Amino acid sequence: MSDLRQATITRSTKETSVTITVCVDGTGQVAVSTGLPFFDHMLEQLGRHGGFDLAVDAKGDLAVDAHHTVEDVGIVLGQGLAEALGAKVGVRRFASSLIPLDEALVEVALDLSGRPFLAYEVPFAADTAGLGSPPFDPQLAEEFWRALVTGAGITLHVRLREGRNTHHVLEASFKGVARALRDAVRVEGGSIPSTKGTL
């Protein structure tokens, strides 16, 4: 029996079909297909910089809107992380990062708290152009993170310190969350890091 912390989750609705396998004790091997090339690129950053093995197969009603696909991938990935981490025995729990990408600088702090909360201060103008084809609306990044923290039970703060280029800002935020997650899930003890005895 494997001691690797991993999970496979499938979610099917009238709008999407999503299957995700995540192994937090992986080596950054990533295979992603969502029908949104820019979103795929961001998920690849999450897996590679988080040191996770991540497989994402998502099919959604992109002819209607990308929102359903992006949100449901967040939900399923969050659930996968929660299942893979289990009782979170020995994890570091808290982590933060400050990630630059050219002119962009993004600050991330997170807690594997068991309490879902998102503070997201990465503003984009309503008329900011989407990235890729079909386009990924930058506003959808917040919906992705909200869905992920809800599914995973994570407290997550993401704040833009500097930045003008939409691609750079989004990529720095995904890399920032990835690096913080990589630190937070690291096992460095033998007990649950909480005075309550549970996370």
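Which residues touch the most other members of the largest nonpolar core? Let's find out, keeping in mind that this is a predicted model.

## The nonpolar core

The largest nonpolar core has 59 residues, and Phe144, Trp145 and Leu156 are the ones that touch the most other members. Helix α4 (residues 166-184) gives the most to this core, contributing nine residues.

Take a look at phenylalanine 144. Apart from its neighbours within four places in sequence, phenylalanine 144 is in contact with Phe39, Leu43, Leu46, Val70, Val73, Gly74, Leu77 and Phe174.

## Helix α1

You can check the length of α1 (residues 37-50) yourself: at 1.5 Å a residue, its 14 residues should span 20 Å, and its end C-alpha atoms are 20 Å apart, so the two agree. After α1 comes glycine 51, which has a positive phi, near 70°.

## Serine 113

Now move to the loop between β6 (104-111) and β7 (117-121), where you will find serine 113. Is serine 113 buried or exposed? Its relative accessible area is 4%, so serine 113 counts as buried, the cut-off being under 20%.

A polar atom of the serine 113 side chain lies 3.0 Å from the backbone nitrogen of arginine 115. Beyond its neighbours within four places in sequence, serine 113 is in contact with Lys88, Arg93, Gly153, Ile154, Thr155 and Leu199.

Technical notes: Residues are numbered from 1 along each chain as its sequence is written. This is a predicted model: local features need pLDDT of at least 70, side-chain atom pairs count only at pLDDT 80 or more; totals for chains, interfaces and linings use all residues. Side-chain values use heavy atoms; hydrogens and water are left out. Helices (H or I, at least four residues) and strands (E, at least two) are DSSP runs, numbered from the N terminus. Buried means under 20% relative accessible area, exposed over 50%, partly exposed in between (1.4 Å probe, protein chains only). A polar contact is a pair of N or O atoms within 3.5 Å; within protein, one must be able to donate a hydrogen and the other to accept it, and residues adjacent in sequence count only if both atoms are side-chain atoms. Contact means heavy atoms within 4.5 Å. A nonpolar core is a set of buried Ala, Val, Leu, Ile, Met, Phe, Trp, Tyr and Cys residues joined through side-chain atoms within 4.5 Å. The expected span of a helix is 1.5 Å times one less than its number of residues.
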